[in-house]
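Please keep the structure in view while reading, and look up each element as it is named.

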Amino acid sequence: MTTKAYALPSDLSPATVTNTTSLLRIIALAFISGAAIASRLFAVINFESIIHEFDPWFNYRATRVLVADGFYEFWNWFDPTAWYPLGRVVGGTVYPGLMATSGVIYKILHALNLPVDIRNICVLLAPGFSSLTAWSTYMFTKELKDESAGLLAAAFIGIVPGYISRSVAGSYDNEAIAIFLLMFTFFNWIKALKTGSAFFGTIAALFYFYMVAAWGGYAFITNMIPLHALALLLMGRYSSRLYVAYSSWYAVGTLASMQVPFVGFQPVRTSEHMAALGVFGLLQIIAFAELVRSHVSSKQFQTLLYASVIGLGFLGTLAIIGLTYKGWIAPWTGRFYSLWDTGYAKKYIPIIASVSEHQPTAWPSFFMDLQFLIFLFPAGVVMCFRELRDEHVFVIIYAIVASYFAGVMVRLMLTLTPVVCVAAAIAFSTVLDTYINPVEPEAPADEAASSEVNSVASDVTNPSTPTPVSKKSKKAVKDSSASSTTGPFGDLVASVTSGKSGKKGERSFGVFGLDTRLVVIFHAIGMLIFFVWHCTWVTSNAYSSPSVVLASSNPDGSQHIIDDFREAYYWLRQNTPETAVVMSWWDYGYQIAGMADRPTLVDNNTWNNTHIATVGKAMSSSEEVAYPILRKHDVDYVLVIFGGLIGYSGDDINKFLWMVRIAQGVWPDEIQEPNYFTRKGEYKIDDEASPTMKNSLMYKMSYYRYAELFGGGQALDRVRGQQVPKTGPTLDYLDEAFTSENWIVRIYEVKKEDLLGRDLKSANAFAQGKKRKRTKPASRRKALL
Amino acid sequence: MQLSKWSRPQSWGFLFLVFCLGLLVNVGASSEPSFEENNVLIVHDPSVYDLSDPSSVPPQISSFLSELSGYENFKLTFKTYSEESLNLFIANEPIYNHLILLPSSKKTITDKVNFNQHQLIDFINQKGNVLVVGGSDAALPNDIRSFLNQLGIYPSPQHFKLVDHFNTEDGKVKLNNDNIVNKKVFAEFPDNSFLYEGSTALLSNNELLFPIVKGSKTSFTTDNLEEPISQDKTWTFGDQGFVAAGFQALNNARLSWIGDDSLLNSDLINWTFQKRNVLKLQFVQHYNNESPEKINETLYRIKDNVIYTVGISELKDNKWVPFEINDDEDRLQLSFKMLDPYQRLNLEPLGPVASNDGELDATAFFVNFTIPDQHVRHLANDEYKRSWDIPNSWVYFTSALCVAVLWGFFVLNFLFIGNTDNVKKNV
């Protein structure tokens, strides 16, 4: 009979206990869902129900097309207003999962006579799916440890900033639903692997298909599952369960994923998908070998068989390499290389490197996004090593891979977050289990002695393996956890009741005493409270800004809304013809299309590097060079973002060097980055700025008439902290059309050609009376034949 | 893809443009140019030509003026350069349709505020037509010279005149039809010879500017025949010097300059005042050959066969008549472009058609072509062949069917043939 640290009520029937715990579990999950959704609503409360940032604006626009015209029209949608004049085949270059999801929700709600605006569905989709993510994380963790760890994991992922950053209300992006799909696919995979069930394998494949339709990050699953399967094979854990689970997932999932037009034949044509195909082939060979082995007993034959298995695997790898070499299989893409070599993108694909979320992660952001989970995470991984069942191998691999990727790219923090939550929950619940469990370890001295005896005995038989000890202790742990069928919640209830009764005083002190238990538990609860506090603070302050609308605070502490973007976009919408082409840097393409509804040259779907480089060239060249480019592309308006007046640092002058670099990539003879620096190599916009810089269209458009604002005083650029020259730039080929309240958005109209065939510069000079006194033409007409 | 209206060359993706190569014509812009009232302002200097006394005016000028006043709907207004108010605009709207600038002995204009180089440029920008008459003895006021310089016409200064020692008759330079550069505007000299005495001009490389009559090869322009020829003392050499030039702005406003009033002829006047060589694009129609019922669609997809038709009228005797291409060198072309022209195709005449109601007033031109395989709309998913239309797919259909049927056999076999054995064994 084990001794107990505190009394448990003994008059409860086991059925009552099970029912109560499951009820409590459901209530807890409901609260977790509520917390997950509620904490994501800061964005709506602080601002309004608005679509955030850049990509969500395209998703929103596409969803409106889907809802208005139906799925079929959406599928074949050719958008002539994007990438003017090339147009964009939207149906074939988009992951439609997100739009389809909102579309289905919209249709269901309208069928139920709930006329909800599509915008509100889009805004609230991410919070809604976050509760599903919490649930699927619960299911996943439950498979690894138990329900209590699952609940902790669900609570963690519900409010952890690393996930909230991508799923606040209004952040209508693919990641919003993708993390749920990721976790649910992994859960089904684990389940299929555990049970050897083709059913769960197929469910995993279906959710894999949904994931493929929703997010380009599906390649993570495509490589994680084969990696796990391969690791199990190498560990000698081949089983028919693995064979059934993997084969059903791969066959169904691959065929399904090829139905997404954007993916098409990639699963059989690109290197990213070859790992899955290779492992599939390897499994078939091994399965065949196992079959033969079970029928043949000859030892030599088995060796031969193994040799042939290895040989075949080797040949398969060679075949894949050969096919890649021949060009039948596309080699790894640049995006992939940039995961291994962080300097790769900057050198070869500046467009990728220019995106801030593709930069390597800074260390503080790990703590910012994960708080105390980040140091529970390794503990959780160690716990997985202690158990090391198939599913624990999965978590270990996932943890290692995701940690690496999160270090390489900021945005991949998102894929790390779920595994951190799972691992931290395992570690945390193990701590709680140990300290809440009223069953005291039986006679530790005896155990130590017996284990010593055991180890001595095992030393005698097999000096190198301490396995019996660990096995035994593991069994002991299992026994103890099995004996407390009530689980931690029951324990907690019990501990509260026992605290009142407070008997067996001599046992309430010391390592197993109540005091130690209470200290550890209070400490744990304290950490949780700090975690919740931190998450709420980060969410409300850092991750809830729509970035379309900016907020600052007045001297009296009240909120001041800076709404320049919408002001300018609506100006375009209301004052320009519907066909007016707007040129801007690609960051603002989706917003212009979504809010101003005007054709754009380039947008955030960066599919055409040359087109982007053309815009970069126009921005970084002088007016005379830029004007023919603008005319050729029928540009009517040029839009620049300028933060110098109010100190908005994400403006175009700060992005300008990327425009130069991208343009230089295509026209190295015409655009050279060093020309934009001062002689000392500084990036300056004041009097010392280089002539190339001062003559560039971007500089001129940003600082045109800026000095006038200071009425003769010294004009200051608040972002760069530099003095702007008093005599500002002049424009001959563009006219200022609109400048927003805080000067953040400036729109210029491109002048039409001079009707008399002069170049606009001299026409302007003539109109201003700066006529060059010349009666004879400089260039004489060529003699006519 | 959308079709552009003629004067607005902007549309989605590809756009169609009609080009008239080699034709000095004016397509459809100054709509109904001569049907309405035409206000003509004639500015002159009484000390050069006293227009109030017709007998003192040279015969070319008087016949020119009588020809003008004989035109239907033309209302002439005479003003002098020394007039107190010489307005071209009222509230930025031009008062006159056409402007004739005769030579002056003075270099300045009295009403400099309302009549200067900028006002003249505005006049052209507002589609006004200008005829400038130069002269060697009486030159043009400075503002008019400066205005002409902006267009790329650099007339010789006062007292400079064209001299050709090899080709002189009666003290004048002899020109013949070979000197006419642009026969569309200026057809020929009567009797193939013309005695010219007057100023010349240098022309710039402005694309909108074209010479009409050039000086002879051995001619030059100078104001001093006594001294040896030098760069400073001459204005032009050889056929660099032009005695008549034309200009058509992007808004189709026309201007012509002549070095002397003797060159005035009705061909030139009619061209300048938009009475001839004016075309009008009456209609544009395009459709997919496979679905002719859908006219002027905004989007075409790659490999569509498109029939493109335009109706063009020409102005003749104040009436729109079907336009015919008479010159072998002239072509009417369609340019199909996206950033760069992908196709430039000749339009073939189809025959006269009626653009609105009744009269056959336009010629239809058409071209039938295939949309190039560039970034125009892609094939939609239901525009490909169905799977059963592809013979290769029959193999897969057959095998799928075989598997289904064989599985059915297998189930039947399992249920009915093997069953009895199992029962026996179990028993």
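In this predicted model, helices α21(A) and α25(A) cross each other in the left-handed sense. The points below describe that helix pair and then turn to a sheet with a helix packed on it.

**The helix pair**
- Helix α21 of chain A, which covers residues 413-436, packs against helix α25 of chain A, residues 514-541, at an angle of about 155°, and their axes are 9 Å apart.
- Because angles over 145 degrees count as roughly antiparallel, α21(A) is described as roughly antiparallel to α25(A).
- On the α21(A) side the contact is made by F428(A), V431(A), L432(A), Y435(A) and I436(A), which meet R517(A), V520(A), I521(A) and A524(A) of α25(A).
- Sorted by class, the residues in this contact of α21(A) with α25(A) are eight nonpolar and one charged, with no polar ones.

**The sheet**
- Four strands of chain A form an open sheet in the order β5-β6-β10-β9, and their pairing is mixed.
- At the edges lie β5 (581-583) and β9 (734-739) of chain A, each of which pairs on one side only.
- On average, and ignoring direction, neighbouring strands of this sheet are turned by 30° against each other.
- Within the sheet, β6 (residues 635-641) and β10 (residues 745-750) of chain A are paired in the antiparallel sense over five bridges, and I641(A) has V745(A) in β10(A) as its bridge partner.

**The helix on the sheet**
- Helix α26 of chain A, residues 564-575, packs on the sheet and touches β5, β6, β9 and β10 of chain A, while its direction makes about 25° with that of β10(A).

Note on methods:
Residues are numbered from 1 along each chain as its sequence is written. Chains are lettered from A and ligands numbered from 1 in the order in which they are written. This is a predicted model: local features need pLDDT of at least 70, side-chain atom pairs count only at pLDDT 80 or more; totals for chains, interfaces and linings use all residues. Two strands pair if DSSP finds at least two bridges between them. Helices (H or I, at least four residues) and strands (E, at least two) are DSSP runs, numbered from the N terminus. Axes are lines fitted to C-alpha atoms, for helices over the stretch in contact, and angles run from 0 to 180 degrees between N-to-C directions. Two residues are in contact if their C-beta atoms, placed from the backbone, lie within 7 Å. Angles under 35 degrees count as roughly parallel, over 145 as roughly antiparallel, 65 to 115 as roughly perpendicular and the rest as oblique. A crossing is left-handed if the near helix is turned anticlockwise from the far one by less than a right angle, and right-handed if clockwise. Ala, Val, Leu, Ile, Met, Phe, Trp, Tyr, Cys and Pro count as nonpolar, Asp, Glu, Lys and Arg as charged, and the others, Gly among them, as polar.
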